[in-house]
Amino acid sequence: MVGAAAALALSQAGFDVRLLERGAAPPMPGADYDLRVYAIAPSSAALLSDLGIWQALPGDRLCAYQGMRVWESAPERGLNFGAADVGENQLGWIAEQVQLLAALWRQLPPGVARPNTPVNDAVFADGALLKLADGELQARLVVAAEGAGSPLRERAGIVTAEREYRQLALVAHVQTREPHRGLALQRFLPGGPLAFLPLADGRRSIVWSLPAEQARRVHALSDDDFHRALAAAVQFETGTILRSTARTLFPLRLMHATEYVRDALALIGDSAHVIHPLAGQGVNLGLADVAELRRVLVEARAQRLDWAGLRVLRRYERARKAANLEMLALTDLLDRAFRTRIPGLPRLLDAGLAMLDRAAPAKQALIRRALA
Ligand SMILES: Cc1cc2nc3c(=O)[nH]c(=O)nc-3n(C[C@H](O)[C@H](O)[C@H](O)COP(=O)(O)OP(=O)(O)OC[C@H]3O[C@@H](n4cnc5c(N)ncnc54)[C@H](O)[C@@H]3O)c2cc1C
């Protein structure tokens, strides 16, 4: 998704771009909802709109959410965010990955996208030489958007800081007795956070982060037992769970590249940073990388600078590293703080959420930060 957005943004800006994708082209979206959904922040929607994608998404599959409730011990002691608190109509939208990918690929100029084209190796000297199954490709700049395991990042010898969360995120769509009313829910549990995101068809998408063993047990439960466990975990805030789709598990890790750029190479998206999904920000950070990289390259080209050189690319790195690290640290801290075994700390955080809920200026500042 981040690579496709970069390819579209840079080709629209007049660069000669190829999108090399190891896998197949995205499938045509069907009637069934994709299990992978993203909370899209307004800043990402603005970029997608600028690219002509947002308008192309089927409106009946996008769900705007106006509020979010976050709690630990009891929903009434939690923190309630509302778009209306800051004069906005929504905090963001829940969108399916397949819809976004299909719209991005549809919008790419002919000849840009090359599916089933893995990059097997690269040599960085006087630009980059990419080794493909059917030959080589010379490029002035390679934008690596290969996800967490980025082979190009490794080829360039860029070191990463990493930690396994030893958690798995269980993802499913569920039908609840209570309608979602455009409200996202997140409860911090000792095993990890549990989120309910509203879907346009009235169902909710859940992301339940659990210690690996427990996640596998919950994954294997019968539907009835799963529904009971889930409703209890969210303290019946959604009413009973009536139905659910198949469940999928995703491994969770934290990763940050110590450098984002080299001569002729820029890392974006999960190739540069992987964060805990509790804030629903991974793709949003990747799209912010895209917007900044485009800005830096276009500006450098206008100034007749070597836009693929390290001096220019460092501008992109400086702008994005700080913002990405801030979000990475915040999500990591939140996850760890609520799972800590330090006596009394979760209770203190619980009291903190309730206090923050009553502190209007601090709350508004937090909402504005989340919308940016
Ligand atoms: C459970 C869960 C829930 C999440 N929810 C949200 C959310 O609500 N909001 C949000 O913003 N983020 C969310 N995220 C994070 C989000 O999924 C990631 O940040 C995002 O998928 C990263 O996108 P990407 O394009 O950078 O990398 P990827 O999605 O990993 O894509 C990498 C691409 O590179 C291709 N590739 C890899 N190697 C090669 C190669 N050698 N040659 C050619 N192609 C190659 C792959 O085929 C793939 O298409 C969530 C994550 C999880 C696990």
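Is H256 buried or exposed? H256 is buried, with a relative accessible area of 9%; buried means under 20% relative accessible area, exposed over 50%, and partly exposed in between (1.4 Å probe, protein chains only). The model is predicted: local features need pLDDT of at least 70, side-chain atom pairs count only at pLDDT 80 or more, and totals for chains, interfaces and linings use all residues. Residues are numbered from 1 along each chain as its sequence is written, and side-chain values use heavy atoms, with hydrogens and water left out.

H256 sits in strand 17 (residues 248–257). Helices (H or I, at least four residues) and strands (E, at least two) are DSSP runs, numbered from the N terminus. The side chains of H256 and Y260 are joined by a polar contact of 2.7 Å. A polar contact is a pair of N or O atoms within 3.5 Å; within protein, one must be able to donate a hydrogen and the other to accept it, and residues adjacent in sequence count only if both atoms are side-chain atoms. Neighbours within four places in sequence aside, H256 is in contact with V159, T160, A161, A272, H273, K321, L325 and L328, where contact means heavy atoms within 4.5 Å.

R294 belongs to helix 7. Its side chain makes a polar contact of 2.9 Å with the side chain of D50. Not counting residues up to four places away in sequence, R294 touches A9, L10, A13, L47, D50 and L51.

**The ligand**

The ligand is surrounded by 27 residues, of which the closest are E21, R36, A39, D270 and V283; a residue counts as near if one of its heavy atoms lies within 4 Å of the molecule. This shell divides into 15 nonpolar, seven polar and five charged residues. Ala, Val, Leu, Ile, Met, Phe, Trp, Tyr, Cys and Pro count as nonpolar, Asp, Glu, Lys and Arg as charged, and the others, Gly among them, as polar. Strand 2 (37–40), strand 12 and helix 7 (282–302) each supply at least two residues of the shell.

| Residue (backbone N or O atom) | Distance to an oxygen atom of the ligand |
|---|---|
| V2 | 3.1 Å |
| A145 | 3.5 Å |
| N284 | 3.2 Å |

The protein covers 84% of the 1,000 Å² of accessible area that the ligand has on its own (Shrake-Rupley method with a 1.4 Å probe; for residues, only the protein chains shown count as cover).

A145 lies in the loop between strand 11 (142–144) and helix 4 (151–155). A145 is partly exposed, with a relative accessible area of 31%. Residues up to four places away in sequence aside, A145 touches V2, G3, I268 and S271.

Nine of the 11 residues of helix 3 (residues 97–107) are buried, so helix 3 is largely enclosed by the rest of the structure. Its buried residues pack against helix 1 (2–12), strand 1 (19–20), strand 2, helix 2 (42–50), strand 6 (92–96) and strand 7 (113–114).

In helix 6 (residues 223–233), the buried residues are F226, H227, L230, A231 and A233. Seen down the helix axis, these fall within an arc of 160°, so they line one face of helix 6; the arc is that of the directions from the axis to the C-beta atoms. D224 and R228, on the other side of helix 6, are exposed. Just after helix 6, Q235 takes a positive phi of about 55°.
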